[in-house]
Amino acid sequence: MENSNPASLSRRSFLHLAYAALGSLAFLESGLILFQYLQPRLGEGEFGSKIKAGLVNDFPPNSVTHISNGRFFLVRLAEGGFLAVYQRCTHLGCTVSWEMAQNKFICPCHSSHFDQQGDVENPPAARALDLFAIEIINQEIWVDTAKPLSRQSFAPSQITYP
Ligand code: FES
């Protein structure tokens, strides 16, 4: 039997709203679980995490070493400091290579050149290669590849010393 009491209708509306809200919440929660399941897992040593590049003494002064799992070049400058230079060109994102004979990074896509510190030597790239933060703990070099550090040009304050 239908109750035409306005208070009762209001209760019915409230219940409908509550069911709808609970249904929406369950739907959102399922979506969140599915999203988390589909996210790539970052393991230690993978790009996007902190990566151990090696020991300080593994890298002689004035050297450039490609750390492929971290997608960066570990540059040890002549005076002993380090830079972790992201391999991604700041023009349109191609992967630069280190050309030892020319002592520069070269982008194969539109021929931007960068010096050892990552500064632009030849456009179209308009700013220096990005860096990753370096931490040296007990002579171990750790590079945080979670977030590239954008910069306009090289500055001595960007160097990490052992
Ligand atoms: S993407 Fe490197 S120069 Fe264009």
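# Chat about a predicted model

Colleague: How many aromatic pairs does the count come to?
Modeller: The count comes to 7 aromatic pairs, where rings of Phe, Tyr and Trp (its six-membered ring) pair if their centres lie within 6.5 Å; planes under 30 degrees apart count as stacked, over 60 as edge-to-face and the rest as tilted. This is a predicted model, in which local features need pLDDT of at least 70, side-chain atom pairs count only at pLDDT 80 or more, and totals for chains, interfaces and linings use all residues. Residues are numbered from 1 along each chain as its sequence is written, and side-chain values use heavy atoms, with hydrogens and water left out.

Colleague: Why is the pair of Tyr-86 and Phe-132 tilted?
Modeller: Because the planes of the two rings stand at 55°, with the centres 4.8 Å apart.

Colleague: Where do the two sit in the chain?
Modeller: Tyr-86 is in strand β4 (residues 82-86) and Phe-132 in strand β9 (residues 131-137), 46 residues apart, and the pair links distant parts of the chain. Helices (H or I, at least four residues) and strands (E, at least two) are DSSP runs, numbered from the N terminus.

Colleague: Is Tyr-86 buried or exposed?
Modeller: Tyr-86 is buried, at 11% relative accessible area, and Phe-132 is buried too, at 3%. Buried means under 20% relative accessible area, exposed over 50%, partly exposed in between (1.4 Å probe, protein chains only). Together with Phe-47 and Phe-72, Tyr-86 and Phe-132 form one aromatic cluster.

Colleague: New topic. How many disulfides does a search of the whole structure find?
Modeller: The search finds 1 disulfide, meaning a pair of cysteine sulfur atoms within 2.5 Å. Cys-94 and Cys-109 form the bond, with their sulfur atoms 1.9 Å apart.

Colleague: Which parts does the pair tie together?
Modeller: Cys-94 lies in the loop between β4 and β5, and Cys-109 in the loop between β6 (104-106) and β7, so the pair ties together parts 15 residues apart in sequence. The torsion about the S-S bond is about -95°, so the disulfide is left-handed. Cys-109 is partly exposed, at 37% relative accessible area.

Colleague: And the sheet, in what order do its strands come?
Modeller: The order is β5-β6-β7-β8, 4 strands in an open sheet with antiparallel pairing; two strands pair if DSSP finds at least two bridges between them. β5 (97-99) and β8 (120-122) stand at the edges with a single partner strand each, so one side of each has no neighbour in the sheet.

Colleague: What is the bridge partner of Phe-114 in β8?
Modeller: Val-120 is the partner. Strand β7 (residues 113-114) is joined to β8 by 2 bridges.
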